[in-house]
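Okay, thanks everyone, let me get the model up on the screen. I'll walk through a few spots, and please hold questions until the end.

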Amino acid sequence: MLRWLRSRWQREQTRRHPPASVVALKHNRIYVLPTLFGAIYAATAVLVLIGAINYQLSLAYLFAFVLIGLGHAALLQSYRNLLKIELRTLATEPVFAGDTAHFPVSLSNPGKPPRRALNLSLRGHPASWIEAIDRDDTAIAHLPVATLARGWLGMPTMRIDTAYPSGWCKAWSYANLDARCLVYPQPEANAPPFHGENGDRGQRRVRGDDDFAGLRNYVPGDTPRQIAWKQFARLDALLVRQDDRVEGQTWLFDWHTLPELGTEARLSRLTAWVLAAEAAGDRYALALPGTTLPRGRGPAHRHACLRALALFGQTPS
Amino acid sequence: MSDTLPSRALYALIAALMMALLPHLLTLPPWLALLIIAVPVWRASLVYRGKALPSRWLRYALMLALLALVFWQFRTLIGRSGGVAMLVSLIAIKLLETHGRRDAAVLTLLGYFASGAMFLVSQSFWMLLWALATAVALTTQLMAWQRRSDRFERDEAWRALRMLAEATPVILLLFLLFPRLSGPLWSMPEDRGGASSGLSDVMSPGSFTNLALDDSPAFRVSFDGEAPPVSTMYWRGPVFERFDGRNWQQLHDDTGVRPTAIAVGPTVRYSMLMEPNERSWLLALDLPVRWPERTRLTSRFQLVADAPLTQRRRVDIVSSPGWHAREPDAVLRRNLDLPASGNPKARALARQWQTLSAPARVDAAQQWLRAGRFSYSLTPPLLPGPDPVDDLLFTTREGFCEHYAGAFVFLMRAAGVPARVVGGYLGGERNAGGDYWLVRQADAHAWTEVWLDDRGWQRVDPTAAIAPNRINQGLAQSVTDAARLPGVLRNEAPWLKGLRQHWDATVFQWNRWVIGYDAQRQMQLLNRLGIDALASMAFIGWFAALVLTLLAGYAVMQRWRSRPPPRDAAMRSWLRFIAKLDRAGIAAYPGETPTALIQRATGALPGHRDALDAIARCYLAARYGEDHAALDELRTRVRTLRLSRAP
């Protein structure tokens, strides 16, 4: 029963807050309730009222009503502190499983009064704090989510709340933002070094003397030092020297060479190898069932390999 | 992060709390006020110098010491004066242990409460303004705590003021319609018997002379219809029947037999707004025939409240100026009592009249006073001798109303006519603007009543025999040394009088409608709307209608605020231009930039190249450069543009 209710609630929430990459907080999607401080404040107002009744002080009556009226105004102010804020998702940075992913969200204040003291959090995760968004200004919050598993991590429902200006009541709203973060497999800690002999076609390259072994086309991630500037001047094309001294070795990391491990463990080890090879400046290729990535090096290649590992066995979405 | 103490927010809190404490501190003895104020000042200096808070033991010791001093001063820690003093001390001490936002929150709430208690000190208009300013200050500093940052934001004070403005409909609605209870929920024993002002319940030589120098208001009266002549406005207070040779006192014993009084003739209907005086006399005109709840008429025809007036109170009274009374003989006998000896000359004088009829004796005594060249003075010589009546009548011949009233009653009793002294006020100052009468303490007066068998009690004012102007024209015209009176009681420049009366009229309306707004007035207001009870359908209907109107107004305001921003003038002209292009056969694509559209248009309509380019230039300058000249040019160019149809 409880589970049914909870799933019902979730569905209702999703219906009320449909996923979108831009969400403006609408008036009927903002909820306001008094806080404990607000309740004690109300009790203070009632105490003043009791005093007014007892001592028959007309102005104390008036002042008690001023306190009540201020409380009501504070409720509206808290509500308006959220109203019409525009939330946008920004590009996420991939992380390794077990690390904390951050969903960057930009908040724009289209109105005149500054929005202050905003608390943002993704369901079940630590909150981030925005002190103020001035008129027509934008603030960016990075909302952390602890990751557990590799693959695509959808952005959980975001909660934005505020007790500004008075602290007597809390206004909050939910937003389902359409964003996802790629989570790489967790690299195996202390993974055994990759042995070329064990690897199927691990090749050891002959070390060059001082000259370069050849030229290849520039790929993003190559350092300026590697670019063949002479050839660039002559041919007007960016070429990169394949310098053996920098390059080291070439490896093929193959899924099939690790039959003794389970799927996730294999992915973990392959991830660790990819990272190690990249750090060592080696070239590497990756072979997974159904996917093979040719030899390469540099951040783009690294990302392609890790992405393939992250999404291995998962239905593309 | 959440529990650090931003120093600026703390200064703001201390300042706002000082605002809340100030009116209370002014009522405390100066040494205690200074002691209490030293604590927040110390706290602020600790923050300024970045020092730590004093140790816990020192704080507790300070708190105990302060509370002990308050107890020593007030003999209590609860109720009106002691309780407020304790609240003030607690706020000061609590400041010494502010660690974080939680303590700031507690202090802020105490500050609001102390602001509410300000009205125990005074219910003046200024006090209300001060309390509102304090509430705004407290709310403003609260925002800094919410932001958790140590910066001032200037707009926050405006935001707090705005909140107050937004709260106004709620405040007014509640103020007017919240059910007012009459009578206290409980009473503190020490709330009674504060320093009373005005008339005292003992009349001794000099007691009215002191009042004559007091220009503070005693009460204000508005008559329903024609006001009676000022010379008959005798506001009846204490009745003094016992004479001990020097002082006149009230008799509080009741004979058990009540006098009967019959009112004759027309009645006067009026409403009095009494200033708090810690007494219960309501000072009605003779003879009250209808009076409000929680008041009663005594056997001496005084209208008294059931409890001393500790705050302003409004009473609606109907009096009948003409009346007869029948008194039990015991009362009349008491009103002949004199001390066994003393004042032989006065007794001898009275004995001469004993052969006359009672009314003739009264006339004879008045005649004697009128012929005696007595003077009416604010500074009569003291009468320290054993026979003060003799000294006044035969030696000094100088006195104020209480001297003559006392002496006259002495003569009457000595001549065998039952007589008594009545204290109260005479006359008042009419405020033309506000259509009411202001009666000051200085209008305090003493007169007499004599009993004539066939006519009952008759008012005789010996002062009228000595200084007739006092009755008709007031004090300043009648005493010999008017220069001693406070400024407002003397004859003053007309413009000054006008100004003062205007101010007093404002105060009167304030007292009447805001401070005097009680259960009775609330009912009056509701009656005008056709509501006769708070639980009636009519009331619920009105209330619901009011609330709905407010809500609807708020909804409309919100709608208005969230309406789409008006497309600016440049955009409007541009849209008109696009419509013209459309008619010429060139449709704008969605999302097409102005430059791209113009390029396409000039390609299709080469003859209009200059006009189109100019329009594009003006549009961009007007819309993005906010150039008003370009906007005007754009308008005329679009309006006058005539396009031939594109091929």
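So, how far apart do the end C-alpha atoms of residues 157-178 of chain B lie? The answer is 29 Å, and that span is 95% helix and 0% strand. Helices here are DSSP runs of H or I, at least four residues, and strands are runs of E, at least two, both numbered from the N terminus.

Quick housekeeping. This is a predicted model, where local features need pLDDT of at least 70 and side-chain atom pairs count only at pLDDT 80 or more, while totals for chains, interfaces and linings use all residues. Residues are numbered from 1 along each chain as its sequence is written, with chains lettered from A and ligands numbered from 1 in the order in which they are written.

Residues 127-145 of chain B come out as 100% helix and 0% strand, with the end C-alpha atoms 27 Å apart.

Now, the two chains together. Chain B puts 41 residues into the contact and chain A puts in 40 residues, where contact means C-beta atoms, placed from the backbone, within 7 Å. On the side of chain B that touches chain A, the elements giving two or more residues are α5 (101-121), α6 (125-147), α7 (155-177) and α16 (494-515) of chain B. The most comes from α7(B), with ten residues. That side of chain B has 28 nonpolar, eight polar and five charged residues. Nonpolar is Ala, Val, Leu, Ile, Met, Phe, Trp, Tyr, Cys and Pro; charged is Asp, Glu, Lys and Arg; the others, Gly among them, are polar.

Next, helix α13 of chain B, residues 401-414. It has 14 residues and reaches 20 Å from its first C-alpha to its last, close to the 20 Å expected at 1.5 Å a residue (1.5 Å times one less than the number of residues). Of its 14 residues, 14 are buried, so α13(B) is largely enclosed by the rest of the structure. Buried means 20 or more other C-beta atoms within 10 Å of a residue's own, exposed 12 or fewer, partly exposed in between, with C-beta atoms placed from the backbone. After α13(B) comes G416(B), with a positive phi, near 90 degrees.

Last stop, chain A. I133(A) sits in strand β7, residues 128-133 of chain A, and is buried, with 20 other C-beta atoms within 10 Å.

Terms used
Two residues are in contact if their C-beta atoms, placed from the backbone, lie within 7 Å.
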